[in-house]
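Have a look at the model, then go through the points one by one.

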Amino acid sequence: MRRIVLFAALLVGLLAAAAGTASILAGQKAPPITQVGVQVLGPQRLGPLPPVVHPPGNPPSSAKIQLGKELYFDPRLSADGTISCATCHDPALGWSDKGPTSEGIHGQFGGRRAPPVSNAAYSPLQFWDGRSPSLEDQAKGPIQNPIEMGNTHEAMIQTVSAIGAYQSEFKAVFGTGPITVDQVADAIAAFERTVVTTDSRFDRYARGDHNALTKLEKEGLEIFNGKAHCTGCHWGPYFSDGRFHNLGLPPKDPKNPDVGRYAVTKDHRDMGAFKTPTVRDAARRPPYLHDGSEKTLESLIDFYDKGGGKGPNLDPLMVPLGLARHEKAALVAFIKSLDSLNPEVADVKAPALRDLPH
Amino acid sequence: MKRTLTALFTGAFALLVLSQAALAIPAFARKYGANCSQCHVAFPKLNDWGQRFRDNGYQVPGQQGSEKTAFETAIPVAFRTNAGYSLYGTGGQTASGFHIYGLDLLSAGVLHKNISYLFVYTPRIDEPAADYNGPAAGDNPAQLAAIESAAVVFSNIIRDKLNIRIGRFEPGFQLLSSKRLYYILQPYEIYGFAGTHSSFDFSASQIGIEATGRFKPGLKYALGYINGTGANPDNNRWNDVYLALSKTFGRGEGQSAGQRIGVFGYLGWQPTTFVDPIVSPGGDINGKDNRNFYRIGGDISLNWHTFNLQGMGFYAVDDRDFNDLDPALDYKFWGGVVQLDWAGLPNNRLVGSLMFNWVRPPGYDDVHKVDAYSALVRYYLGSWSAVNIAIHAEFTHRVAGTIGPVREDLVTILLDFDF
């Protein structure tokens, strides 16, 4: 019996010591993850998004955000004046497009679906394969992508510089000197960081309003975070781990498959792996996945229920879920509760060309 | 005895106070902010995801290296206890009462990339109490104090093909886990059964070393080298060995999806005489006249929707020196279990199960034959990540022995708390 008492005392002591260590270490920053640079797997509750972090090199101002917004909606950034960022990232289509993949300049189609610009501010890496480290860097890409806006940076700068109203706006934001691509990108990125969800019915629930979700939606949340393992990858306030997973989608062109993250890392484990997109606002932007192959949330959930697709590099987190019909309906209902109620996300009207700077 | 309990409760209370934020959350669920059904079909039975997590050394598969360690999170402590009411009947007589059936203190987590631990302590529960003067007079505790598990796992030594577990752990041949069984009162009978004179317990967690791993497609192995004496110090120079192989067809791990079959074999030695003056500081003795025994069997797990049909059986031979009934013969027996589980309601809030256990001793043994029919219903009050409470009702009808068989009925309704 004395041994038990001793053991209990020891156990308590040990754990107390551990508690001490834990609280000391809590202040320490966790080591960065190789390649990805997102948070370590720790407490990763679903919840409201924290305030956006603006990079020190690109502090926001209302003039900059306004300029960025105009540039974002301005088709004159493209080679033939027909395509703006909003063509493929349309606020009315959940900041994406009708898909399955995007139609760019001269009716050309790319191989991938346009991910949402809304809440992209929280994504540690941009693009399906994470090849771009920031929104600033990302924004320069589409302009000179031959199948997106088909322009050159020089030609785009010429066009923008020739518009009187832009000249004065750039001067007000960035000071005198010629307009640069970096400035264009900075302004667009600053605008994109305002397209964030601070309010949704889920967020209201997470902040304590118990009536913000229906019974079915609450069940959906429970399943999302339980039996369906969705939070295995779609975790934290951004509903994404920022990592890359292979869900086993069949390649559209087997001879020339989309290698995904592998193109960036050349690591065979990343073959066919794509970035986990946020589930926020997903209901507003069908179809789904990097190739737009799932037309509805219902079919997407059936896909997960089967354990995803096939392939040698299928993520080990993909397992059949055994969801009942009611559970699938609950998941869909829950995903819909993630639709943003912020006017700057949910209710943005693309300005007409004549309302843009001239 | 009261002092022990006071000490334990003080300890437990201190833990709760110390762990504050950690309070009332099973360690892993808390770490990932998920609810129990992320890893369990329904607590405590693992689903495929949970099985992969366990196989990967308590790290999210494919994400090792990015886990918060046990030092970076609130202390990973969890408790499990169950208390309730039992009604027992045999031969027209009945007895009933409230009981505490068990209490586990668990701690588990990642220490460093691919190094993790699991620690489970069960305090002694004296029920009936030690100062009780009835039939058992406290000699028959509801639970023995033991370090159920204390193992360190080194994972992914050669990718997922080699993981090593050292310490006291649940051996890999227990694919039908006696620890993560829904039934709280009815065990897998055959696991605990051995020759009349043998102290070997197939269901015990064992001290030693085990290698596990998996190969495509769906082939897994576990190879162990252990004392074979459960929580007790070793009692001979010989160690026991086992090998278990399983193969899953289709997706999943055979826990909640996919179909799995497995085979296992266990070869052990036990001393039959213990006269040796040498006792090591660890309590090991060098028992003499070692005789061997073996178990060989298989298991199967079939899944359809949320139905899971499991079966397991083995054939056992214990050396004649363990046979008190007929010392001229090896003690040979076999037995097994068939279990059908079902989960329903959103997030598997409701679980039902039917189970049949049987033990078939040699014909001349007329007391150890067992047929046990069990049924169970569990309803989970919530799926929070902080705490889980299940209302649990379990029934067993058990018939033991052949000549004048003992028939027993046990109905138990209890609350299973996990926090």
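1. A quick word on terms before counting anything: helices (H or I, at least four residues) and strands (E, at least two) are DSSP runs, numbered from the N terminus. On that basis, chain A has 13 helices and two strands. Keep in mind that this is a predicted model.

2. Staying with chain A, 51% of its 358 residues count as buried. Its accessible surface is about 16,200 Å², and carbon and sulfur atoms make up 59% of that. As for contacts in chain A with a separation of 6 or more, 69% of them link residues 24 or more positions apart.

3. Now for the nonpolar cores. The largest one has 40 residues, and the members that touch the most others are B:Y191, B:F202, B:Y266, B:M312 and B:F314. There is also a second, separate core of 39 residues, with A:L249, A:Y288, A:L297 and B:Y32 among them.

4. B:F202 deserves a click. Setting aside neighbours within four places in sequence, B:F202 is in contact with B:F173, B:Q174, B:Y191, B:F264, B:Y266, B:R295 and B:F314.

5. Next, find B:E408, which sits in strand β18 of chain B, covering residues 406-418. Which side chain does the side chain of B:E408 make a polar contact with? That partner is B:Y88, at 2.6 Å.

Terms used
Residues are numbered from 1 along each chain as its sequence is written. Chains are lettered from A and ligands numbered from 1 in the order in which they are written. This is a predicted model: local features need pLDDT of at least 70, side-chain atom pairs count only at pLDDT 80 or more; totals for chains, interfaces and linings use all residues. Side-chain values use heavy atoms; hydrogens and water are left out. A polar contact is a pair of N or O atoms within 3.5 Å; within protein, one must be able to donate a hydrogen and the other to accept it, and residues adjacent in sequence count only if both atoms are side-chain atoms. A nonpolar core is a set of buried Ala, Val, Leu, Ile, Met, Phe, Trp, Tyr and Cys residues joined through side-chain atoms within 4.5 Å. Buried means under 20% relative accessible area, exposed over 50%, partly exposed in between (1.4 Å probe, protein chains only). Contact means heavy atoms within 4.5 Å. Accessible areas come from the Shrake-Rupley method with a 1.4 Å probe; for residues, only the protein chains shown count as cover.
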